[in-house]
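Keep the sequence and the 3D view side by side as you read.

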Amino acid sequence: MSDESPTKVAIACQGGGSHTAFTAGVLKELLREWNDEYELVGISGTSGGAFNALLTWYGLVTADADAAIDLLDAFWDDLKADTFTDIFTNNWVVGLSRIGASGFPLPQVSPYQIPEAGGGEDRIRELLERYVDFDAISDLCGRETPELVVGTVNINAGDFETFTNEDVTPDAILASAAVPTLFEAVEIHGHYHWDGLFSQNPPIDDLMTVDVDRKPDELWVIQINPQEREGEPTTVEEIADRRNELSGNISLNQELRVVERVNEWIDDGHLPESEFSKTRVRRIEMGRAYHCSTKVDRSPRFIEELVELGEKRAATFRSER
């Protein structure tokens, strides 16, 4: 083992519905080959990325990397649409999403007008509480454990709001994934919260504004939405896809620009290296374009395809380090 101090790493998991099965694959592959060369000092997530961040964090702090991998596997297996009713519902939701993206006019229905709209949130809550003892999180947090950060938006105050460490509750996770067209807002501390895709996707600032000895040397961003696309979107569906991708990347790019600017100020001598440290930003991108409607697709075959793709991208990332 090297006498050098390990490289401190923070991982930020972008949200994107079912596409975040890709993130689970990335994390699994990274954890399989994790060694003393790296120290995980923080992990954040939004929406589906928050599921993965929580499960990874919990597995690591309660046991080890193998336990985190097992939790990710179990959660995504349970989330797959593999019963007759679930398959029918999944196909119906994906079909409606694709029709809507094509520009065909559909009646708009609020989740508050659908009697069974809360069933999806109840299912996610049940799955999370099956694998995570939320009552134990407070005792698990400490100086030697990574920061855990979940992103939401406070719709009353109009502010980005993050929940960290012991404040990560089932409600915080559900709020981060509460897509307003599908789920009711989640009330926390007298305020209502929506999906974190409207805010920090994923949270970066909370991973950086920590004590200097816990600040990451490297920030690994698991990015769901493509950063670049060839050509000009011309059809209604192509425009809908690109708008979806761009909206998901706006806050991410803004926060990363702050990190890069601090690095530049250190290089230029505007900030003393004795008090500030640089952070290398590295992205693990999905690098494959899917129709935006597939972000609600939980079919087993699609979930497995995304997990496998994540494992491949992580293996490539690891070989380039």
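Arg-32 and Glu-29 sit three residues apart in helix 1, so about one helical turn separates them. Helices here are DSSP runs of H or I with at least four residues, and strands are runs of E with at least two, both numbered from the N terminus. The two side chains meet in a salt bridge, at 2.9 Å from N to O; the term asks for a side-chain nitrogen of Lys or Arg within 4 Å of a carboxyl oxygen of Asp or Glu. Arg-32 is partly exposed at 40% relative accessible area, whereas Glu-29 is buried at 12%. For these words, buried is under 20% relative accessible area, exposed is over 50%, and partly exposed is in between (1.4 Å probe, protein chains only).

A word on the ground rules: this is a predicted model, where local features need pLDDT of at least 70 and side-chain atom pairs count only at pLDDT 80 or more, while totals for chains, interfaces and linings use all residues. Residues are numbered from 1 along each chain as its sequence is written, and side-chain values use heavy atoms, leaving out hydrogens and water.

How many salt bridges does the rule give? The count comes to 21. One of them pairs Arg-130 with Asp-78, whose closest N and O atoms are 2.6 Å apart. Since Arg-130 belongs to helix 5 (residues 118-131) and Asp-78 to helix 3 (residues 65-79), this pair ties together parts 52 residues apart in sequence. Both are partly exposed, Arg-130 at 44% and Asp-78 at 25%.

Now for a pair between strands. Glu-218 forms a salt bridge with Arg-280, with 3.6 Å between the closest N and O atoms. Glu-218 is in strand 7 (residues 218-223) and Arg-280 in strand 8 (residues 280-285), so parts 62 residues apart in sequence are tied together. Glu-218 is buried at 10%, but Arg-280 is partly exposed at 45%. Elsewhere, salt bridges that share partners join Lys-28, Glu-29, Arg-32, Asp-73, Glu-311 and Arg-318 into one network.

Is Gly-16 buried or exposed? At 2% relative accessibility, Gly-16 counts as buried. Its C-alpha atom is 10 Å from that of Ala-50, 34 residues away along the chain.
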